[in-house]
Amino acid sequence: MVARLVIAAPSSGAGKTTVATGLMAAFAERGYAVSPHKVGPDYIDPGYHALATGRPGRNLDAYLCGTDLIAPLFLHGALGCELAVVEGVMGLYDGAADQGELASTAQVAKLLRAPVVLVVDASSQSRSVAALVHGFASWDPEVRIGGVILNKVATDRHEHLLREALGESGVPVLGVLRRAAEVATPSRHLGLVPVAERHADAVDAVASMAEQVRQGCDLEALLALARSAPEPHEAPWVAGVDERLPAGRTRPPVVAVAGGAAFTFSYAEHVELLRAAGAEVVGFDPLRDERLPEGTRGVVIGGGFPEVYAPELSANEPLRKEVAELARSGAPIAAECAGLLYLARSLDGKPMCGVLDADARMSGRLTLGYREAVAVGDSPLAAAGTRLRGHEFHRTVIDPGAGPTPAWGMVRPERRVEGFVQRGVHASYLHTHWASRPEVAARFVGACRG
């Protein structure tokens, strides 16, 4: 049994991250083992969640992984924990475009049978807050809103008016947070600045969130609400691929996974799946390491912010050359978004690895949204014809946008080809969640074995 809460809001910007992260940290400080989760494809908020709890932040995305995997993935992440806090995405009922409730916070709350705490930005309202809460609480009878946390409350008088208005709503006020600049976290073109880029300041920010939550929220009432969730029926997800080595091989293949400040976008399950498939996973930082890990047989380069660190990445010429040599040898390399840019010939005029005959640059246009895709050709990740769901999120463009053999043929929401497959390289803007297709990791590790 895992006590659990979903932290939602009427819209983005209401303070979900502050409340969710503050609750995680406040309960962890009390000695609870807290499991942190985030609805949707977001990579950045889970970094703050991990800082608050000391456990990997995990995503629950019903579009990428399917509805049947939400509860199992949740239970996998929550193993050994007494309490789980799930931060929602956008507004409570907002999900994938033109897909009804799919991938919304409301849908995930229903799949987890978890009570919802609604965080309301009360900065410009008083009595109207009751109408807003009533509407959200009554919209879907299957969504149980167990309480409200009022955020950005100005004064004691303002708090009195809000509490009075909500007094007859049937939804209890479980917290009141005042405006506090010290909990603000800096943002840039793709959202919050990741923890890896501002660790000391991020630690202070999380501590401030925890202090604000401790002072303004009824932690005992929130814990009681979390404990009211029913026992789950599902079994935890298992990254269950056979780990036995092929006959004659004494060491598992080394898969080097990029990390550091420039490459912070990764799902925890990817490393778990690679290990379950028999790989020895070793991290490396393209900003600092001049060599790939010893014995590297394959490389995974996820998303992040290479555009912010283009000069430093370019200056690390020894590593760029080694990555290019590995690619020429035909070794498997899987690159998503930031990894795609790193493998390009150049990024904003700065030389990159030169694996791909393409150039990348920053643009003023945000590309964002869920995608359905089909693998165009065979690659170390997928056989031709493999269907998969993914997510794009970038403000860069690459020219050309696809190689002679593209990585993916997009089938929804628009039809186009994208990415590059050449020798052992699979490079694309598309972020994917391998838990939905464990055979992706198994295929990649198999290619590393050769």
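**Reading the features**

Modeller: Start with accessibility: Arg423 counts as exposed because its relative accessibility is 63%. The cut-offs, with a 1.4 Å probe and protein chains only, are under 20% relative accessible area for buried, over 50% for exposed, and partly exposed in between. This is a predicted model, in which local features need pLDDT of at least 70 and side-chain atom pairs 80 or more, while totals for chains, interfaces and linings use all residues. Residues are numbered from 1 along each chain as its sequence is written, and side-chain values use heavy atoms, leaving out hydrogens and water.

Colleague: What is the phi of Arg423, and where is this residue found?

Modeller: Phi of Arg423 is near 50°, a positive value in a residue other than glycine. Arg423 sits in the loop between β20 (420-422) and β21. Helices (H or I, at least four residues) and strands (E, at least two) are DSSP runs, numbered from the N terminus. Asp98 has a positive phi as well, near 60°, and belongs to the loop between β4 (83-87) and α5. With 77% relative accessibility, Asp98 counts as exposed.

Colleague: How many residues of α5 are buried?

Modeller: In α5 (residues 105-112), 7 of 8 residues are buried, so the helix is mostly covered. They are Thr105, Ala106, Gln107, Val108, Ala109, Lys110 and Leu112. Just past α5, Arg113 has a positive phi of about 50°.

Colleague: At what angle do the axes of α1 and α8 cross?

Modeller: Axes are lines fitted to C-alpha atoms, for helices over the stretch in contact, with angles from 0 to 180 degrees between N-to-C directions. Those of α1 (residues 16-29) and α8 (residues 199-216) cross at roughly 85° and come within 7 Å. The two helices are therefore roughly perpendicular (65 to 115 degrees). Contact means heavy atoms within 4.5 Å; on the α8 side the contact is made by Val206, Met209, Ala210, Gln212, Val213 and Arg214, and the α1 side includes Thr17, Leu23 and Glu29. The contact residues divide into 8 nonpolar, 5 polar and 2 charged. Ala, Val, Leu, Ile, Met, Phe, Trp, Tyr, Cys and Pro count as nonpolar, Asp, Glu, Lys and Arg as charged, and the others, Gly among them, as polar.

Colleague: How many cavities of 30 Å³ or more does a search of the whole structure find?

Modeller: Rolling a probe the size of a water molecule over the atoms shows where empty space is left. On a 1 Å grid over the protein atoms alone, a cavity is a set of points where a 1.4 Å probe fits but cannot get out; lining residues have an atom within 4 Å of a point. Grid points are joined across faces, edges and corners, and a volume is the space filled by probe spheres set on the points. The search finds 4 cavities of 30 Å³ or more. The largest cavity holds about 170 Å³, and of its 19 lining residues Ser266, His270, Val300, Ile301 and Gly302 lie nearest its centre. β10, α10, β12 (296-301) and β13 (333-336) each give two or more residues to that lining. By class, its residues are 14 nonpolar, 4 polar and 1 charged.

Colleague: Which residues does the cis peptide bond with omega about 0° join?

Modeller: That bond joins Asp399 and Pro400, and Pro400 lies in the loop between β17 (387-399) and β18 (408-412). The bond from Arg412 to Pro413 is also cis, with omega near 10°.

Key
Parallel < 35°, antiparallel > 145°, perpendicular 65-115°, else oblique. 1 Å grid on protein atoms, 1.4 Å probe; cavity = no way out; pocket = protein on both sides within 12 Å on 5 of 7 lines; lining within 4 Å.
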